[in-house]
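Open your viewer and get ready to click around. We'll go stop by stop, and you pick what to select each time.

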Amino acid sequence: MSTTSVKQVRPWAPSVTDRAMTGLSVVLAILTAVIIVAVTPMKGKLAYFFLFFIAWFVIDSIFVVRKMGAKGIRDGLAAKVTLLGAVIVSMAVFSILWATISRGIKGLNLAFVTQNMRNASMFDPIGKGGILHAILGTLMLIAIAIIISVPMGILTALYLTEIKGKASGLIQFLVQAMSGVPSVVAGLFIYAAIILNTPLRSSAFLGGLALTILMVPTVTRTAQEVLNLVPRDLREAGLAMGATQWKTVALVVVPAARSGLITATILGVARIAGETAPLLFTVGVFDSYNFNPFKGDQGTIPTVVWRGLLGGTPESVQRAWSAIFVLLVVVLIMFVLARTLGSKAMKKK
Amino acid sequence: MSVATPAKVTPPARVITTKPRVSDQIFRGIVTTFSFSALVILSLIALFLFLKGFNTLKEQGFGFITHFEWSVTQDAAGKDVTHFGLQAMLVGTVVISFVALFIAVPLSVLTALFLTFYAPERIKKILVTIVDLMAAFPSILYGLWGFFVLMPMAEYWAKLIHKWLGWIYIFDVPQSVYTRSPFIAGIVLSVMIIPIITSVSREVFSQTPLDRVQAAYALGATKWGMIRAVVLPFGAGGVVGGSMLGLGRAFGETVAVFSVLNIVFRTNFQILFTQGGNVASMIIQKWGEAGPAEISALMAAGLVLFILTLIVNFLANAVVNRTVKSGR
């Protein structure tokens, strides 16, 4: 008795020859780029970069033209140009990350994260004074913004996903429009509405209000997406058991979407943590601890960076880089948290 | 033997009603009330900026938008004479934003195409993370980076452009100073708006109806042929909408632009030269030493900016929503 075995074939996958050709063309292109740079007066990383892409395109076209003609050349060109675009975008990101890390790390020391600037100025040598007051101030602002905007955002999202009232379309549109409000306008608004009209003066609370305007749309949109992912069956099961809509939402829908809602909060915080412009109108600047959120100016990391940048001396600029490094680390941690929680929320479905 | 028949008990008829319980009514009431917070906040912003900027708008009239002078001087009697005009700043804002779009749109569309159709799964994941990360960077970080890292490089690029294309008016410069120009501010802004445009374009591209894609392949199209014949016509609306969302962000950007731009009240179209303007960063610049009259003018400027970004955003969202829906 003979058995026939079926050999697995994958006609769409690149064959060994194809791969060898791709590898060969890349190697040849690198060689060409290096040779051209060595021979001609062109220099610099950019020259290598663009020459490599041009050489790669030419060499690859020669390989392809026999098999597919002009159509193949156009196809190859499109593939390489899209790759080029993606590479340029990632280069910008890595440049920013690298600049922050390499420049920021120089000014970091224990004093920088454990002291305040009460007895030091931006222009003192590094090692004297730190930004603990600013870290605490930023945390306070974030806490205030969370307390106000998370309920607001999640309730708006619940209206859009659970109640689906008549105004859904309008609200959806307004939330999208609100996410485009420039940060400087948010600061101006709080100044115009509160500081010019009431005895309240700049404080962490007002800063939190300004940041709320920027945070609510982010929280709403993410929360809405997450709540939409909760299966309809769960809601119907809850209602079929005789629960009221309120009970279904509170005991079934929201717990099911819990990690997603946390992601929404974190994304909102990441959006506002580095906002500078509104703080200049509503929070002011301060060099020491201020634990009263309702009274008095407050130091924050973005304003420290801002003053360091405007200060212009090597010391103040160094402080600015180190402060932004601290802020970036905070933002990155939140980003990773949001990602892991978010992907968990997706997987459960 | 007889079985006692149990007395038949008829339960009282249930009242069937569609009226929600009290708890539900409260729940719906609260949620509905809160859902209008966006409307309330947006109208309050417009209201208060209008109230506080009213004096300036009344005094300057239409000139607030068409004049380009910004000064507070005292006449012989010691009375303040004010000239507030936004024209230079509005033109500057548009110029910078268009430089940014000019750079960001091609790069974003290419990246989105690469992500949707070319990238292997692993690279795609990494690249999506990178683009999302870009959106989370604080704007002041872009300002620092733009000033200290990008500016030296961009100055060199600006000189190259001037050398080869200087005969075109916009690439000409009156003096050879290339730092702090609208060109550099535009590059910084372009990096800031790339994530928005990329993610919107990617979303729209990935909604391309699969049957059309497969039909193109079945007719023997190469990948690029398929993209050109199916994806680009389908996604064009989304790309336009995404670009407008980016434009809205670029209009309102403050600290990043302030860090790299030399703000001068003169209408300037020569993008490589070291003077330009931007409404948002002008507000920050003038804020420090502003008296009551000037604060009112800045509020009015804020109102103009607010309305401008709102209009751009409305249009953008309308375009994007329509495109995304048409694929379903």
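How far apart do the C-alpha centres of domain 1 of chain A and domain 2 of chain A lie? They lie 42 Å apart. To see this pair, select 19-99 for domain 1 and 113-348 for domain 2 of chain A; such bounds come from an automatic or database domain assignment.

A quick note on what's on screen: this is a predicted model, where local features need pLDDT of at least 70, side-chain atom pairs count only at pLDDT 80 or more, and totals for chains, interfaces and linings use all residues. Residues are numbered from 1 along each chain as its sequence is written, while chains are lettered from A and ligands numbered from 1 in the order in which they are written.

Next, hop to chain B and select 29-83 (domain 1) and 89-326 (domain 2). Their C-alpha centres lie 27 Å apart. Where they touch, domain 1 of chain B gives 17 residues and domain 2 of chain B gives 14 (contact means C-beta atoms, placed from the backbone, within 7 Å).

Now show both chains: 66 residues of chain A are in contact with 67 of chain B. Colour helix α2 (residues 45-104) of chain A, which brings 20 residues, the largest share of chain A's side (helices are DSSP runs of H or I, at least four residues, numbered from the N terminus).

Last stop: click A:Ile324. Among the residues that A:Ile324 touches, not counting those up to four places away in sequence, are A:Val305, B:Ile140 and B:Leu144.

Conventions: Contact = placed C-beta atoms within 7 Å. Helix = DSSP H or I, 4+ residues; strand = E, 2+ residues; numbered from the N terminus.
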